[in-house]
Amino acid sequence: MNCGHAQDQLLDGGFGGQDLTGHLASCAECRRFAASVEAVDAAFHRLRIVLAPPTLKPNVLLRAKLEQGLRRRLITLALDTLAAAGCVAALAAVLFWIYPQPAVTAFALVLGCLWAALFRGTAIET
Amino acid sequence: MTERATGGFAEEARSGRREEAFETLVTIYQHKVYRLALTMLRNPQAAEDATQETFLRVWKALPGFRGDSEISTWIYSIARNRCLSMLNRSSSKCEIGMEELPEQTAPPHDPDPFPTLMEALGQLDGRQREAVALFYLEDKSYEEMSQQMGIPIGSVKTYLHRARRVLATFFQTRDAEVPADGKGTGQ
């Protein structure tokens, strides 16, 4: 067995075997390499006990809550806007039916939009 | 836990107990995801960010998780993809400052085990780091690694073989530079 084969076998996880053992006994370079492979394995073994920082979990939960809150607010805002727009449209239709004059309807629409904007502004603040 | 892992959490999330299910997931997997991110990014702060982003994605997607794979596999794949995209986007940002490693994470019997490993990991590309993370931290078989990395088993073996060679060579060089003090050879 030459050094290349021995090191390949070490890297593929084979520390046993007579050929390899025999080669390692006679080759200082490969013994050093074997020790390094073991050192890598040992370092990863130690890495397995690393813990996440204690702040990680609370931060994750907080961000999830914020994300959920933001989503809810966006949905609420969209629904509020839809409701306000529906009210304005209904008001305009009723006014146009009672007073079929474009000026009156336009005036009512402007008033309705202002009311809707005010309503939305209040909703956002709350 | 395995029974629950294949969809129980998603069931819980869908049935209105999303927050409880999510908190349990974070409790169970936070350390493993963090270690995976640390291996791939080599920077504690970046690893923490990646872990947070991973769990936020889990949070958003949990109700839709169908249980086609184990939930751990699903979470790890989100984490790995997140780390790979962070590496691709800005590899320079993820360069580690060795002093940044939190001291409490080092085992008491070996005060300085991670800087060498983290520095050695810097010699690997993203896919090689992914391979060693799957192999060492998640105990995946070649078949599982092949599925998760989306490459043939032969390529997985090649990635791992080359990665281990690079790491071993780095450790060897390090040991040659440092005066002999018995450090670094593990058990």
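Visitor: How much area do chain A and chain B bury between them?
Guide: This is a predicted model, and the size of an interface is often given as the accessible area lost when the parts come together. Of the area buried between chain A and chain B, 61% is on carbon and sulfur atoms. The contact involves 38 residues of chain A and 45 residues of chain B, and the area that the two chains bury between them is about 4100 Å².

Visitor: Which helix supplies the largest share of the side of chain A that touches chain B?
Guide: Across this interface there are 20 residue pairs in polar contact. On the side of chain A, helix H1 (3–11), helix H3 (28–47) and helix H4 (56–98) each supply at least two residues. The largest share, 15 residues, comes from H3(A).

Visitor: How many residues of the side of chain A that touches chain B are nonpolar?
Guide: When the residues on this side of chain A are divided by type, six are polar and 12 are charged. The nonpolar residues there number 20.

Visitor: How many salt bridges are there between chain A and chain B?
Guide: Side chains of opposite charge can pair when their charged atoms come close. One salt bridge joins the side chains of B:Arg165 and A:Asp8, at 2.9 Å from N to O. Over all chains the structure holds nine salt bridges, and the count between chain A and chain B is five.

Visitor: Is B:Glu53, the partner of A:Arg63 in a salt bridge, buried or partly exposed?
Guide: The closest N and O atoms of A:Arg63 and B:Glu53 are 2.7 Å apart, and the pair crosses between chains, from helix H4 of chain A to helix H3 (residues 44–61) of chain B. A:Arg63 has a relative accessible area of 30% and is partly exposed. Since buried means under 20% relative accessible area, B:Glu53, at 24%, counts as partly exposed.

Visitor: How many residues apart in sequence are the parts that B:Glu130 and B:Arg80 tie together?
Guide: The side chains of B:Glu130 and B:Arg80 meet in a salt bridge, at 3.3 Å from N to O. B:Glu130 lies in helix H6 (residues 126–137) of chain B, whereas B:Arg80 lies in helix H4 (residues 71–89) of that chain, so the pair ties together parts whose separation in sequence is 50 residues.

Visitor: Which residues are linked with B:Arg80 in a network of salt bridges?
Guide: B:Arg80 also meets B:Glu138 in a salt bridge, at 3.5 Å from N to O, and B:Glu138 lies in the loop between H6 and H7 of chain B. Both B:Arg80 and B:Glu138 are buried, and B:Glu130 counts as buried at 2% relative accessibility. The residues linked with B:Arg80 in the network are B:Arg127, B:Glu130 and B:Glu138.

Visitor: Where is B:Met149 placed, and which residues does B:Met149 touch beyond four places in sequence?
Guide: B:Met149 is in helix H7 (residues 142–149) of chain B and is buried, with a relative accessible area of 6%. Leaving out residues up to four places away in sequence, B:Met149 touches B:Arg127, B:Glu130, B:Ala131, B:Leu134 and B:Tyr159.

Definitions and conventions. Residues numbered from 1 in each chain as written. Chains lettered and ligands numbered in written order. Predicted model: local features only at pLDDT ≥ 70, side-chain atom pairs only at ≥ 80, totals over all residues. Heavy atoms only, no water. Helix = DSSP H or I, 4+ residues; strand = E, 2+ residues; numbered from the N terminus. Buried < 20%, exposed > 50% of the residue type's maximum accessible area, 1.4 Å probe, protein only. Contact = heavy atoms within 4.5 Å. Buried area = accessible area lost by both parts, 1.4 Å probe. Salt bridge = Lys/Arg side-chain N within 4 Å of Asp/Glu carboxyl O. Polar contact = N/O pair within 3.5 Å; in protein donor to acceptor, adjacent residues only side chain to side chain. Nonpolar A, V, L, I, M, F, W, Y, C, P; charged D, E, K, R; others polar.
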